[in-house]
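This briefing covers a single protein chain, topic by topic. Please keep the sequence and the structure open while reading.

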Amino acid sequence: MSYDAAGKLLRKILHPQAESHTHPPSLVHQIIFGVALTTKGDYSYTSLGFYLTVVGALLAATKTVVTNRVQVGRLKLHPLDLLLRMSPLALAQSVAIGYKNGEWDRLVAYWESEKSKGIVMALFFNGLIAFGLNIVSFTANKKTSALTMTVAANVKQVLSIVLAIVIFQLHISAVNALGILITLGGGAWYTYVEYQEKQSPTIPLSLSAEERGRVGGDLEVAEPLVVVEKGA
């Protein structure tokens with residue numbers, strides 16, 4: 001929920017001209033409200049936990065927005081190229097934090113007592129799955145938008161709760177069930193709006209105001225024209 005709100009705020013600050021003219025604000029608000037109702041009753045936190053959650057939401061939203069911009073903006077990086085540039089930094093960060101927290105010593109001790117080919121294969125396939133996940137995530141971000149990824153992330157969280165209800169017989173309240181319906185409805189609404197927007201004619205921002213007006217005047221369409229950035 002906080003990730004959704006942070007993502008919306010960052011998009012307005014970092015790239016305001018890319019905001020869709022056909023996505024009503026109430027759509028995102030509906031999804032945020034639905035997630036809040038879905039998780040109602042599970043709130044418990046400390047001051048440090050709340051602070052880390054807010055920081056994590058801002059960082060996650062920043063990552064989604066920046067990832068989209070470096071792939072469709074001036075740089076136009078390929079998902080594999082982006083992953084190649086980010087992986088060494090992520091590895092260095094993980095090793096440094098793990099060493100500081102004492103995880104490195106525990107890892108060495110565990111390896112000395114439990115080392116086997118099975119563990120090596122498990123780590124290999126875990127890394128392979130993570131690699132595939134990042135490729136799919138970056139590609140989806142490039143082909144859609146940061147807002148679409150944010151909406152999909154919130155719908156995914158709600159669907160995880162639905163699966164928990166089916167598989168683990170999780171009991172929820174009527175308010176939680178209402179939140180699930182609102183969130184899924186918001187996701188469906190967003191999909192419909194996205195589809196309608198993609199069916200509308202587009203005018204690149206590289207055209208001058210006069211050229212955009214001339215092109216728009218030559219097109220007889222009922223839907224409003226959507227202005228998109230060139231290369232998006």
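Helices here are DSSP runs of H or I with at least four residues, strands are runs of E with at least two, and both are numbered from the N terminus. On that basis the protein has nine helices and two strands. The model is a predicted one.

**Overall make-up**

- Along the sequence, the elements follow the pattern α-α-α-α-α-α-α-α-β-α-β.
- The protein has 232 residues, and 27% of them count as buried.
- When contacts between residues at least 6 apart in sequence are taken, 77% of them join residues at least 24 apart.

**Nonpolar cores**

- Which residues make up the largest nonpolar core? The 12 residues are Leu27, Val28, Ile31, Ile32, Val35, Leu147, Val151, Val155, Val158, Ile180, Tyr190 and Val193.
- Two or more residues of this core come from each of helix 2 (25-38), helix 7 (146-168) and helix 8 (174-199).
- Helix 2 makes the greatest contribution to this core, with five residues.
- Another core lies apart from this one and has six residues, including Val70, Leu82, Ile135 and Phe138.
- Val151 belongs to the largest core. Beyond its neighbours within four places in sequence, Val151 contacts Ile31, Gly187 and Tyr190.

**Helix 7 and the residue after it**

- Helix 7 is built of 23 residues and spans 32 Å between its first and last C-alpha, close to the 33 Å expected at 1.5 Å a residue.
- The buried residues of helix 7 are Ala146, Leu147, Thr148, Met149, Thr150, Val151, Ala153, Asn154, Val155, Val158 and Ala164.
- Among these, Leu147, Val151, Val155 and Val158 are also members of the largest nonpolar core.
- Although Gln169 is not a glycine, its phi is positive, at about 55°.
- Gln169 has a relative accessibility of 55% and therefore counts as exposed, the cut-off being over 50%.

- Ala61 sits in helix 3. Its relative accessible area is 0%, so Ala61 is buried.
- Ala61 and Ala146 are 85 residues apart along the chain, and their C-alpha atoms are separated by 8.4 Å.
- Ala146 is likewise buried, within helix 7.
- The loop between helix 3 (47-72) and helix 4 contains Lys76.
- Lys76 has a positive phi, near 50°, and is a residue other than glycine.
- Lys76 is partly exposed because its relative accessible area is 46%, and that class runs between 20% and 50%.

**Salt bridge**

- How many salt bridges does a search of the whole structure find? The search finds one.
- The salt bridge joins Asp81 and Arg85, whose closest N and O atoms are 3.1 Å apart.
- Asp81 and Arg85 lie four residues apart in helix 4 (residues 79-100), so about one helical turn separates them.
- Asp81 has 26% relative accessibility and so counts as partly exposed.

**Aromatic pairs**

- The count of aromatic pairs is two.
- In the pair of Tyr45 and Phe50, the ring centres are 5.7 Å apart and the planes meet at 40°. The pair is therefore tilted, since planes under 30 degrees apart would count as stacked and planes over 60 as edge-to-face.
- Tyr45 is exposed, at a relative accessible area of 63%, whereas Phe50 is partly exposed at 49%.
- Phe124 and Phe125 pair edge-to-face, with 5.5 Å from centre to centre and 75° between the planes.
- Phe124 is partly exposed, with a relative accessible area of 49%, and Phe125 is partly exposed at 44% relative accessibility.

Methods. Residues are numbered from 1 along each chain as its sequence is written. This is a predicted model: local features need pLDDT of at least 70, side-chain atom pairs count only at pLDDT 80 or more; totals for chains, interfaces and linings use all residues. Side-chain values use heavy atoms; hydrogens and water are left out. A nonpolar core is a set of buried Ala, Val, Leu, Ile, Met, Phe, Trp, Tyr and Cys residues joined through side-chain atoms within 4.5 Å. Buried means under 20% relative accessible area, exposed over 50%, partly exposed in between (1.4 Å probe, protein chains only). Contact means heavy atoms within 4.5 Å. Rings of Phe, Tyr and Trp (its six-membered ring) pair if their centres lie within 6.5 Å; planes under 30 degrees apart count as stacked, over 60 as edge-to-face and the rest as tilted. The expected span of a helix is 1.5 Å times one less than its number of residues. A salt bridge is a side-chain nitrogen of Lys or Arg within 4 Å of a carboxyl oxygen of Asp or Glu.
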